[in-house]
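Thank you all for making time this morning.

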Amino acid sequence: MARTPDGPPPPPTVQKLRLRYTKRGPLRFASHRDLARALERALRRAQVPMAFSAGFSPHPKISYMGAAPTGAASEAEYFEIGLSARCDPEQVRRALDASLPPGIDVLECVEAVEGSGSLADRLDATRWRIDLPGVDTGDLDAAVQELLSRDVVTVAKRTKNGLRDIDARAAVVGAEVTEEAGCAILTVVVRQLTPTVRPDDVMAALAVVADLRPPLPPRAVREAQGRLDDSGDVADPLGPDRAVRSSPQEESTPV
Amino acid sequence: MTVESLYPRLEPLLAQVQKPIQYVGGELNAQVKPWESVAVHWALMYPDAYEVGVPNQGLMILYEVLNERPDALAERTYAVWPDLAGLMREAGVGQFTVDAHRPVRDFDLLGVSFATELGYTNLLEALDLAGVPLHAVDRDESHPVVVAGGHAAFNPEPVSDFVDCAVLGDGEQVVGDITDVVAAWKEQGRPGGRVELLARLSRVEGVYVPRFYAVTYGADGTIAEVLRTRDDVPPRISKRTVMDLDEWPYPKQPLVPLAESVHERMSVEIFRGCTRGCRFCQAGMITRPVRERTITGIGSMVDAGLKATGYEEVGLLSLSSADHSEIGQLAKELADRYEGTNTGLSLPSTRVDAFNVTLANELSRNGRRSGLTFAPEGGSERIRRVINKTVSKEDLVRTVTTAYANGWRQVKLYFMCGLPTETDEDVLEIAELAVEVIRAGREASGSKDIRCTVSIGGFVPKPHTPFQWAAQASAETIDHRLRVLRDAINADRRIGRSIGLRYHDGKPGVIEGLLSRGDRRVGRVIERVWRDGGHFDGWSEHFSYDRWMTAATEELAPFGVDLDWYTTRERTEHEVLPWDHLDSGLDKEWLWDDWQDAITEDEVGDCRWTGCYDCGVCPTMGTEIQIGPTGRSLIPLAVVGARPQVDVHADAAVADPVHTH
């Protein structure tokens with residue numbers, strides 16, 4: 001006697017919104033699962049009219065993509081939500097931002113333009129800024145040049161199934177060394193391949209090629225995420241949606 | 001005095017540890033008050049991992065009650081995992097609060113809530129990490145006053161060397177009284193130093209200061225007497241009881257962590273206390289009388305809490321939630337109110353009663369019916385009479401079958417093993433029961449896709465219960481009975497494959513037994529275990545039976561007692577028990593009579609319905625039963641966000657029972 005839910009199926013998705021948010025300060029230590037929980041609860045508190053999947057355990061329609069690793073800060077995390085009633089994107093942004101803890105700040109919210117393709121497809125590279133306190137800028141620069149001169153740099157990456165050797169070089173599109181307030185800074189653009197090359201893999205590669213070992217834990221910030229453009233930088237992934245502005249027809253705004 | 005945040009020094013360490021989010025705070029509804037703005041600073045500790053401690057209702061209530069006072073602040077601290085603890089010691093970073101990362105060392109009070117005795121070694125680890133002397137007598141005015149609370153505080157003797165005071169009973173009001181005493185003492189320039197402060201605290205009702213009581217022992221190892229060392233402290237310490245729970249609707253703003261915790265839901269305590277009289281249950285004995293929140297009080301707490309948290313599930317918490325006088329109406333009206341909002345409602349801890357299936361059905365109206373949990377506790381009708389949790393085998397099978405017939409796929413049954421007077425036969429009846437449940441369930445549901453999980457734990461006799469005199473079963477006995485039970489369940493694979501068996505070996509229960517009914521001499525064992533590297537004793541990967549055994553053997557030998565003396569030894573009627581001077585309100589003679597009734601398998605009723613049987617609590621404590629029905633009902637709320645679809649998600653009653661076994 002299998003039970004099925006009584007009543008009509010849940011209302012369909014009538015609008016898709018794409019949002020950019022941050023992971024700042026101490027909240028850089030949140031994992032992608034921590035963030036997902038926080039976002040879902042904040043959506044409930046902000047009373048955003050989410051669309052739900054059907055069945056006995058309905059789930060809100062949310063897609064997360066390309067989460068920054070635990071411990072890395074981010075200015076450019078993205079997710080997409082499906083709504084059961086049309087809303088003004090800016091009002092959703094404001095309501096959601098207000099109900100999230102400081103550090104998770106919702107910076108942008110745009111309506112997904114139909115036929116413009118999936119957001120995940122537009123996220124194929126990241127620009128990381130890695131602050132390396134205690135590292136000499138000259139040493140860093142030399143190490144980076146050495147890394148860029150190689151074709152393959154194998155590093156051991158910790159995965160669910162133990163340590164695994166990966167090539168950390170192929171994903172690196174470009175790297176630049178600067179200094180700010182006496183602190184060496186590495187800006188690196190990394191293509192999102194599988195397995196993902198993360199800032200700690202880049203640091204491991206620098207250790208392999210030049211024995212660069214920072215005395216203090218590096219601090220990584222994802223500055224931008226998007227499609228690689230011709231100049232080797234990353235393009236705004238919400239650009240294609242922003243280009244076509246559609247005004248909401250019937251507004252049902254979150255309280 | 002200003003107190004600096006340890007965060008800048010902690011942050012580099014966090015990059016190197018597991019689950020760093022648990023150390024950064026920033027939970028929704030957390031509070032940080034300026035240090036100088038208040039007179040009294042409380043650090044509140046749950047002595048286990050963050051994921052276990054952060055949903056704890058007791059600590060959440062006190063956190064909010066204290067922070068509401070203009071003259072006090074409260075911050076939280078949890079046990080630090082060994083990976084971070086090692087780095088903190090290397091870097092010289094002390095035990096910190098997660099709210100403002102202030103050093104625990106700098107607070108006026110450190111309140112520690114002991115839900116279980118297995119947290120004792122974590123207290124020692126936290127004190128050491130904080131830079132607070134382990135022994136209360138070595139502390140001076142600059143150190144926090146270490147206050148133990150929670151159910152285990154009803155026998156704090158094993159940790160009496162390490163705590164400055166223990167608080168008995170409900171905490172809501174007594175934390176305010178303690179705050180007043182500390183504020184006044186500081187305001188007056190700390191007259192008489194720490195000893196005077198503790199003496200003043202000992203005159204607060206419910207506060208026990210162990211150092212003002214001397215314990216002497218007889219030649220046979222039992223306690224000869226417990227005497228006051230000052231005339232100005234009470235001879236007996238009485239527990240605190242909060243009356244009228246509607247006046248204390250806490251937590252109003254439940255904490256919502258970013259990190260995953262063991263309870264991913266909001267909880268509303270629908271009543272406190274229980275008079276069912278289950279003889280093993282310390283929680284039911286020490287929290288009397290029953291005090292219900294009214295249906296309307298519960299309704300507004302659920303409403304406010306959901307708005308403040310964004311949780312998608314609410315647990316209606318108590319020791320036996322189906323016993324609330326308005327539970328049927330409450331379940332229906334809450335289900336009505338939240339229909340179409342994807343809000344789940346659940347009842348933890350249900351007695352074996354067909355009514356509970358009805359309730360669970362109501363709460364899960366159109367949601368998933370995955371698991372339902374019942375707690376018969378005893379395997380045979382005979383042993384259920386001994387523990388005073390009477391339900392016939394027929395009723396049990398019928399109730400569980402009803403659940404399967406109503407679409408519940410999985411039923412979990414909780415049992416205990418090693419109960420007084422128990423034999424192998426009593427435990428083997430669990431297997432018979434499970435088999436019968438599956439047979440009947442397959443028939444009633446017309447499906448083979450049903451499961452019964454038998455979850456079984458070793459019984460640990462607890463202070464302030466009729467079983468406080470009982471001999472605890474040895475680890476060998478427990479392990480033997482679990483083995484024969486497993487074999488019996490596996491005897492018929494066609495049925496056995498639908499039955500799961502979850503159990504723990506008997507060893508941790510023996511150590512819990514030592515700590516539960518221990519006296520002051522057991523403190524040495526705890527300290528030795530901690531010095532040998534023991535902590536997180538509630539976690540099987542950290543618990544070491546051998547370490548405890550070695551420590552117990554060597555540290556107790558000079559006193560002429562041993563582990564067995566504390567655990568498997570039956571006590572006699574007039575033995576002075578270590579907690580006799582701590583008053584839970586229960587009359588010791590009544591407890592003894594109830595113990596004798598247990599042996600002769602005589603049952604006792606519930607005073608809510610069968611009249612008073614003189615357990616002693618109400619007259620001793622000046623309290624009374626507070627139950628409804630009130631005749632009121634929940635007005636339908638305009639739940640914003642309600643949508644026309646009917647898809648209430650409920651996963652009713654899958655939580656563990658809240659009994660302390």
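Let me begin with a contact between a charge and a ring, in which the charged end of B:Arg569 sits over the ring of B:Trp565, at 3.9 Å from its centre. Before I go further, please keep in mind that this is a predicted model.

From charges over rings I move to rings beside rings. A pair of aromatic rings is described by the distance of the centres and the angle of the planes. Counted over all chains, the structure holds 16 aromatic pairs. One of them is formed by B:Tyr208 and B:Tyr213, a tilted pair with 5.3 Å from centre to centre and 55 degrees between the planes, and both B:Tyr208 and B:Tyr213 are buried. For B:Phe536 and B:Trp539, the ring centres are 6.5 Å apart and the planes stand at 80 degrees, so this pair is edge-to-face. With a relative accessible area of 1%, B:Phe536 is buried, and B:Trp539 is buried as well, with a relative accessible area of 18%. In chain A, one aromatic cluster is made up of A:Tyr21, A:Tyr64 and A:Phe79.

Let me now step back to chain B as a whole. Chain B contains 23 helices and 19 strands, and its radius of gyration is 25 Å, close to the 26 Å that the globule rule gives for 661 residues, so chain B is as compact as a globular protein of that length. If we follow the C-alpha trace of chain B along its principal axes, it spans about 75 × 65 × 50 Å. Of the 661 residues in chain B, 63% count as buried. When we take the contacts in chain B between residues at least 6 apart in sequence, 79% of them join residues at least 24 apart.

The bridge partner of A:Arg158 is A:Leu163, in β7(A).

While we are in chain A, consider helix α2, residues 89–99, whose buried residues are A:Pro89, A:Val92, A:Arg93, A:Ala95, A:Leu96 and A:Ser99. What do the buried residues of α2(A) pack against? They pack against β1 (15–23), α1 (32–45), β3 (73–83) and β4 (106–111) of chain A.

I will finish with the backbone itself. Most residues other than glycine have a negative phi, and most peptide bonds are trans. With that in mind, the peptide bond from B:Tyr250 to B:Pro251 is cis, with omega near -10 degrees, and B:Pro251 is found in the loop between β9 (237–238) and β10 of chain B. A cis peptide bond also joins B:Arg288 and B:Pro289, where omega is about -5 degrees, and B:Pro289 has its place in the loop between α8 (282–286) and β12 (291–292) of chain B.

A:Gln47, although not a glycine, has a positive phi of about 55 degrees; A:Gln47 lies in the loop between α1 and β2 (62–65) of chain A, and it is partly exposed, with a relative accessible area of 24%. B:Glu377 is not a glycine either, yet has a positive phi of about 65 degrees. Is B:Glu377 buried or exposed? At 0% relative accessibility, B:Glu377 counts as buried, and this residue lies in strand β15 of chain B, residues 371–377.

Definitions and conventions
Residues are numbered from 1 along each chain as its sequence is written. Chains are lettered from A and ligands numbered from 1 in the order in which they are written. This is a predicted model: local features need pLDDT of at least 70, side-chain atom pairs count only at pLDDT 80 or more; totals for chains, interfaces and linings use all residues. Side-chain values use heavy atoms; hydrogens and water are left out. Rings of Phe, Tyr and Trp (its six-membered ring) pair if their centres lie within 6.5 Å; planes under 30 degrees apart count as stacked, over 60 as edge-to-face and the rest as tilted. Buried means under 20% relative accessible area, exposed over 50%, partly exposed in between (1.4 Å probe, protein chains only). A charge sits over a ring if NZ of Lys or CZ of Arg is within 6 Å of the ring centre and within 35 degrees of the ring normal. Helices (H or I, at least four residues) and strands (E, at least two) are DSSP runs, numbered from the N terminus. Contact means heavy atoms within 4.5 Å. The radius of gyration is taken over C-alpha atoms; the globule rule is 2.2 Å times the number of residues to the power 0.38. Two strands pair if DSSP finds at least two bridges between them.
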